[in-house]
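Me: Please walk me through the helix packing and pockets of this protein. Keep it brisk.

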Amino acid sequence: MDVAANLKKIDNNIRQACTRSNRNRDEITIIGVTKYVTIERTEEAINAGIKNLGENRLEGFLEKYEYIQDQAKWHFIGTLQSRKVKEIIDKVDAVHSLDRMSLAKEINKRAVKPVDCFVQVNVSGEESKHGLAPEDVLSFIEELKVYENVRIAGLMTMAPHIDDEARLRKIFRHLASLRDDVVAKDLPHAPCAYLSMGMSNDYQLAVEEGATHIRIGSSLVGQ
């Protein structure tokens, strides 16, 4: 599997989605999700032009970070246990899974500088997924103002793995609408400019509905 060829195809699909939705390609960041692949394959992705990497397990992240360090920006995209925060927080550029006050408190305590965090929202309402209920997002973010090292960069959601385009669009639009509600509050600690949504199976729809960060694993680096 040629990562460079995969990236070229993905980039072309993003450009087409941008054309359809009248967006600028520069607004979209590809996060290469490397959780299932080797360090060698991860380095292949970097050499192909990937500048942002996503990991969802502490052990996998630390193992790759030891080799790759700051050759890429690191995004922690999985559920983060509060007791594990101290091991990663000053190595990652963003946390995409902030979903509870105890985690925010620990990030604030352990970080040496403000950390970009995405609030995870369970838009689809699936019991198997983590994240806040949409109706709780605004009050949660307002309460975070006491934590000077927690900067709310955006919102994140995981859509169900389905082929129902109408339902997927509805989920992505709901997250975009919530983001607009946060932005309208004009909170200094929560610029909330970004939307982390869309994966290998649905990233083109996500881009059309406003995604700024798409998390691509299998179609970029394989399983």
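Reply: First, the residue classes: Ala, Val, Leu, Ile, Met, Phe, Trp, Tyr, Cys and Pro count as nonpolar, Asp, Glu, Lys and Arg as charged, and the others, Gly among them, as polar. This is a predicted model, where local features need pLDDT of at least 70, side-chain atom pairs count only at pLDDT 80 or more, and totals for chains, interfaces and linings use all residues. Residues are numbered from 1 along each chain as its sequence is written, and side-chain values use heavy atoms, with hydrogens and water left out.

Me: By class, what residues are in the lining of the largest pocket?
Reply: A pocket is an open set of points on a 1 Å grid over the protein atoms alone, where a 1.4 Å probe fits, with protein on both sides within 12 Å along at least five of seven lines; lining residues have an atom within 4 Å of a point. The largest pocket has a volume of about 470 Å³. Of its 24 lining residues, V33, K35, Y36, M158 and M199 are the closest to the centre. The lining has nine nonpolar, three charged and 12 polar residues.

Me: Which strands each supply at least two residues of the lining of the second largest pocket?
Reply: This pocket holds about 230 Å³ of space. Among its 13 lining residues, K73, H75, D116, Y194 and H213 are the closest to the centre. Strands are DSSP runs of E, at least two residues, and helices are runs of H or I, at least four, each numbered from the N terminus. The suppliers are strand 3 (73–76) and strand 5 (115–120).

Me: Which residues in helix 3 does helix 2 meet?
Reply: The axes of helix 2 and helix 3 (residues 58–68) come within 10 Å and cross at roughly 55 degrees. Contact means heavy atoms within 4.5 Å. On the helix 2 side are I39, T42, E43 and I46. Their partners in helix 3 are E63, K64, Y67 and I68.

Terms used
Grid points are joined across faces, edges and corners, and a volume is the space filled by probe spheres set on the points. Axes are lines fitted to C-alpha atoms, for helices over the stretch in contact, and angles run from 0 to 180 degrees between N-to-C directions.
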